Amino acid sequence: MSLPDLPPIISGGKFDFSIDRGGTFTDVFCIVPTSPPTPCVYKLLSEDPSNYKDAPTEGIRRFLSKYDTPSTGVAYPRNSPIDTRSLRSIRMGTTVATNALLERKGSRVLNLITAGFGDLLEIGNQSRPDIFDLSISKLGTLYSATIEVPERV
């Protein structure tokens, strides 16, 4: 996937990034500071050790190399820290940890909760598909243990 050709960025323009790092692909959304600002999306593999160490960093580097370097002359070499002068914001989310948790992969999870509420997540809201079903099958909890913490709310 290649980045589109755009008009030059405005002088002093700042880049805004929103990144979703998934298990297979990393999606990088960027508002490129052209006039008017241009939204662009770029997708790259989340793991590609022969080409880069970190997909979000590489995505940012590719945007800046394509759009910032021609205007500012600042180089963005691979596997080097990124000069952040042209960045306004980076927002990042990931589904990797959520998926590991839901698939019960990775480390065990501990639930820390206010004293007296230790069974809250297990009880839930008592909703069920068939209200009169006497044999309710519930999913197991995502955590392996609960510790109730004495604290003030």
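Predicted model: local features only at pLDDT ≥ 70, side-chain atom pairs only at ≥ 80, totals over all residues.
Reader: How do you know that Asp 5 forms a salt bridge with Lys 66?

Author: The closest N and O atoms of Asp 5 and Lys 66 are 2.8 Å apart. Residues are numbered from 1 along each chain as its sequence is written, and side-chain values use heavy atoms, with hydrogens and water left out.

Reader: What makes Asp 5 and Lys 66 a link between distant parts of the chain?

Author: Asp 5 sits in the segment before β1 and Lys 66 in helix α1, 61 residues apart. Helices (H or I, at least four residues) and strands (E, at least two) are DSSP runs, numbered from the N terminus.

Reader: Why is Asp 5 called exposed, and what is Lys 66 called?

Author: Asp 5 has 69% relative accessibility, while Lys 66 has 32%. Buried means under 20% relative accessible area, exposed over 50%, and partly exposed in between (1.4 Å probe, protein chains only). So Asp 5 counts as exposed, and Lys 66 as partly exposed.

Reader: How many salt bridges does the structure hold?

Author: There are 9. One of them joins the side chains of Lys 43 and Asp 27, at 2.9 Å from N to O. That pair also links distant parts of the chain, with Lys 43 in strand β3 and Asp 27 in strand β2, 16 residues apart.

Reader: What separates Glu 58 and Arg 62 in helix α1?

Author: About one helical turn, as Glu 58 and Arg 62 are 4 residues apart in that helix. Their side chains meet in a salt bridge at 2.8 Å, N to O. Salt bridges with shared partners then join Glu 58, Arg 61, Arg 62 and Arg 78 into one network.

Reader: Which residues have the most contacts inside the largest nonpolar core?

Author: Phe 15, Phe 17, Val 32, Ile 60, Phe 63, Leu 64 and Tyr 67, in a core of 21 residues. β1 (15-21), β2 (25-32), β3 (38-45) and α1 (55-72) each give two or more residues to this core, and α1 gives the most, with 5 residues. A nonpolar core is a set of buried Ala, Val, Leu, Ile, Met, Phe, Trp, Tyr and Cys residues joined through side-chain atoms within 4.5 Å.

Reader: Why is Phe 15 called buried?

Author: The relative accessible area of Phe 15 is 0%, so Phe 15 falls in the buried class. Phe 17, at 1%, counts as buried too, and so does Phe 63, at 0%.

Reader: What makes the rings of Phe 15 and Phe 17 a stacked pair?

Author: Rings of Phe, Tyr and Trp (its six-membered ring) pair if their centres lie within 6.5 Å; planes under 30 degrees apart count as stacked, over 60 as edge-to-face and the rest as tilted. By this rule the count comes to 4 aromatic pairs. The centres of Phe 15 and Phe 17 are 6.3 Å apart with planes at 15°, so the pair is stacked.

Reader: Why is the pair of Phe 17 and Phe 63 called edge-to-face?

Author: Phe 17 and Phe 63 are 5.7 Å apart centre to centre, with 75° between the planes, so the angle falls in the edge-to-face range. Phe 17 is in strand β1 and Phe 63 in helix α1, 46 residues apart. Ring pairs link Phe 15, Phe 17, Tyr 42, Phe 63 and Tyr 67 into a cluster.

Reader: Why is Leu 112 called exposed?

Author: Leu 112 has a relative accessible area of 56%, so Leu 112 is exposed. Leu 112 lies in strand β5.

Conventions: Salt bridge = Lys/Arg side-chain N within 4 Å of Asp/Glu carboxyl O.
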